Structure formats: structure tokens, C-alpha cells
Amino acid sequence: MIIALLLGGCGYHIQGNTPLPAGIKAVHVTLFENRSGESGVENTFTDLFIDELLMKTDAKVTDEAHARGFVTGIIRSISVGDLTRSSDDAVLQGLVRATMDLSMADETGNVVWGVKGYSDSKVYTASSSNVTDESAKQEAVEYIARRLSEKLVSAMGDQW
């Protein structure tokens, strides 16, 4: 019981009960703006963020008319680079890095929470097959989107 009390005072929350800033319980999430040049990632990033928001917070996602909070996101960049090469100069591993901004405003337009330049990366195994290599890159992007969503929702609900 003592451990439960100590953990409760350190910012740990029961899944699904994390409050959002300013006590907002109904949010509208706009499709994230994609400035990365990677086609379609805005859907992946937005959908995974909404899933995480619904799973970890006490908020519901709704239309603009019923919302009290408004979440907007910008996918600033997604870069893909070579990480390691073999002795014959073939790419063995690649690195995908994504950077984004996220903010939440209340119904009067005041920003109640936000971050800029939030980023994460993932190493993937490269392949000599273009199809396999592209698939590995896409899996890395989805992994990053999921991990960023987890971190961002956690940061939004941080009450320390």
C-alpha cells in the first residue's frame, strides 16, 4: 500500500485516466500537416496519436462543434539515411528520423500545451531489394509514429 501511495504521487497514472491540460475532456484532432515529403504519413501519425489519446487519457475525441480543446500537429521532417555499410559499400542499416510539433489550444484559442522539434528515430535493416527496403523504411516510420504518440500523450498529461 505504501508503494502504491508513493507511485501515485510521482506522476504515474492508471491507464485511461490521465487528465489533459486545463481539464479539457473533449478534443478535436485535426489531420496533422505533413511537411516531410513522405506521402501519406500524416494519416499514420494522426491515427496513432488519436489511438494513444483515447487509450491513455480521460478525454474523448469529438468534432469541432463539441470540442473544448483543439490538437494540431506538424510533421516537420522525415529523413532517411545510411547508418552502416559493408566493406563493398552496400548499405546494411539505415536510420529514419522524424521531427514534429504538436500543440493543444482551448476553445478561446489560447495554447495550453505544446512542443516544437520533438523527434525520434529508428534503425532498420537495409536490403538490396527496393521493395523490401521500402517496406522496412515504412515499418520504421510507423514505429516512430507510435512511439512519438506515446511520448507526446504522456507529456501532455504530465502533472509533475
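A residue is called buried when its relative accessible area is under 20%, exposed when it is over 50%, and partly exposed in between, using a 1.4 Å probe and protein chains only. By that rule A22 is exposed, because its relative accessible area is 65%. A22 is located in the loop between α1 (2-8) and β1, and its phi is near 60°, a positive value in a residue other than glycine.

The model is predicted, so local features need pLDDT of at least 70 and side-chain atom pairs count only at pLDDT 80 or more, whereas totals for chains, interfaces and linings use all residues. Residues are numbered from 1 along each chain as its sequence is written, and side-chain values use heavy atoms, with hydrogens and water left out.

The chain contains three helices and six strands; here helices (H or I, at least four residues) and strands (E, at least two) are DSSP runs, numbered from the N terminus. Their order along the sequence is α-β-β-α-β-β-β-β-α. Of the 160 residues of the chain, 38% count as buried. The accessible surface of the chain is about 9200 Å², and 52% of this belongs to carbon and sulfur atoms; such areas come from the Shrake-Rupley method with a 1.4 Å probe, and for residues only the protein chains shown count as cover.

A contact means heavy atoms within 4.5 Å. Among contacts in the chain between residues at least 6 apart in sequence, 68% join residues at least 24 apart. V27 is buried, with a relative accessible area of 0%. Not counting residues up to four places away in sequence, V27 touches L20, L53, K60, V61, T62, A67, G69 and M104. The C-alpha atoms of V27 and A59 are 6.9 Å apart in space, while the two residues are 32 apart in sequence.

Attention now turns to the aromatic rings. Rings of Phe, Tyr and Trp (its six-membered ring) pair if their centres lie within 6.5 Å; planes under 30 degrees apart count as stacked, over 60 as edge-to-face and the rest as tilted. A search of the whole structure finds one aromatic pair. The rings of F32 and F49 have centres 5.7 Å apart and planes at 55°, so this pair is tilted. The pair links distant parts of the chain, with F32 in the loop between β1 and β2 (33-34) and F49 in helix α2 (residues 41-56), 17 residues apart. F32 is buried at a relative accessible area of 2%, and F49 is buried at 1%.
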